[in-house]
Amino acid sequence: MLYFIHPLDDSTKFLGDIYNRTIEAIGCDLVTVYTFENESPEDVLKIISSLPSGANIYFLGHGRADRLYGIMSESNEPFVSPEGMRIFNDKNLFTLACNSTKLLSSSFQYSRIKHSIGFGYLPTSDEEVKAIRNMKNKPVSDADLEEFKRVIVKCVSDSVIFTYKKGRGFYYLSSQIRLMLYKEMNESVLKNKNSSVANLIYQVCYQMSYFSN
């Protein structure tokens, strides 16, 4: 079973295609999605704590070095803080959220997460692109951002599906995502002649991390 936690808002809505494509490929009986439309944060935290050892959890939302958040609209209130990461003890956690690599790294003293994957910058808006030091003076259009979002959805969903069908774990998943991102980055440069999209993809590849306890 794959468990997706997806706080829905306008900026993360596109990530829903990750589990929609996964459901289409492996069936709805093998995928559970929590969007907080029918569940409270407390309900979802209780569900997470009750999941079996080795459960595969995918968080698709907002992150900072000190929290996963985005549950309440326009609120920075933490869904999970570094100390709260112990709720994922003995489970596997994929966090498609900005700066989740830093969060996972800092939470080692509090948690016993079996395997985890985190990211650095996930620049899906003009403001997020400008926040990246080496991207400030590089032109990125709205069309580039939409193409970047498509790449993220495709690479993550295809890798999750492929890894599940192969019966492999998170280390394999991280390698598969990186491989697909590099392929898309090369295609952006060599085929599409679009260095802007390639630079955005590079930011994801460079800062993506895999951890194991």
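A: A residue counts as buried when its relative accessible area is under 20%, as exposed when the value is over 50%, and as partly exposed in between, with a 1.4 Å probe and protein chains only. The structure is a predicted model, in which local features need pLDDT of at least 70 and side-chain atom pairs count only at pLDDT 80 or more, while totals for chains, interfaces and linings use all residues. Residues are numbered from 1 along each chain as its sequence is written, and side-chain values use heavy atoms, with hydrogens and water left out.

Q: What percentage of the residues of the protein chain count as buried?

A: In this chain of 213 residues, 49% are classed as buried. The accessible surface, calculated by the Shrake-Rupley method with a 1.4 Å probe, comes to about 10600 Å² for the protein chain. Carbon and sulfur atoms supply 48% of that area.

Q: How many helices and strands are there in the protein chain?

A: Helices (H or I, at least four residues) and strands (E, at least two) are DSSP runs, numbered from the N terminus. Here the protein chain has 7 helices and 9 strands.

Q: What does the radius of gyration say about the protein chain?

A: The radius of gyration is taken over C-alpha atoms, and the globule rule is 2.2 Å times the number of residues to the power 0.38. For 213 residues, a compact globule would have a value near 17 Å, and the 16 Å of the protein chain agrees with this. Along the principal axes, the C-alpha atoms fill a box of roughly 50 × 35 × 30 Å.

Q: What share of the contacts joins residues at least 24 apart?

A: A contact means heavy atoms within 4.5 Å. Taking contacts between residues at least 6 apart in sequence, 67% join residues at least 24 apart.

Q: Which residues of helix 1 are buried?

A: Helix 1 covers residues 16–26, and its buried residues are Gly16, Ile18, Tyr19, Thr22 and Ile26. Viewed down the helix axis, these buried residues fall within an arc of 160 degrees, so they line one face of helix 1. The arc is that of the directions from the helix axis to the C-beta atoms. As background, an α-helix has 3.6 residues a turn, so residues three or four places apart point the same way.

Q: What covers the buried residues of helix 1?

A: The cover includes strand 1 (2–5), strand 2, strand 3 (56–60), strand 7 (92–96) and helix 5 (142–166). After helix 1 comes glycine 27, with a positive phi near 105 degrees.

Q: Which residues are in contact with isoleucine 5?

A: Isoleucine 5 belongs to strand 1 and is buried, at 2% relative accessibility. Beyond its neighbours within four places in sequence, isoleucine 5 contacts Tyr34, Phe36, Val44, Ile48, Ile57, Tyr58, Phe59, Leu60 and Phe79.

Q: Where is phenylalanine 36 found?

A: Phenylalanine 36 sits in the loop between strand 2 (31–34) and helix 2 (41–50). It is not a glycine, yet its phi is positive, about 70 degrees. Its relative accessibility of 14% makes phenylalanine 36 buried.

Q: Is lysine 193 buried or exposed?

A: Lysine 193 is exposed, with a relative accessible area of 67%. Its place is the loop between helix 6 (170–190) and helix 7 (195–207). Lysine 193 also has a positive phi, near 55 degrees, in a residue other than glycine.

Q: Which residues does glutamate 184 touch?

A: Glutamate 184 lies in helix 6 and is buried, at 10% relative accessible area. Not counting residues up to four places away in sequence, glutamate 184 touches Arg150, Val151, Lys154, Cys155 and Ile201.

Q: Where does phenylalanine 94 lie?

A: Phenylalanine 94 is part of strand 7, and with a relative accessible area of 0% it is buried. Among the residues that phenylalanine 94 touches are Ile57, Phe119, Val156 and Leu173.

Q: How many residues apart in sequence are threonine 101 and tyrosine 210?

A: Threonine 101 and tyrosine 210 are 109 residues apart in sequence, and their C-alpha atoms are 8.4 Å apart in space. Threonine 101 is in helix 3 (residues 100–106) and counts as buried, at 15% relative accessibility. Its contacts include Gly118, Gln207 and Phe211.
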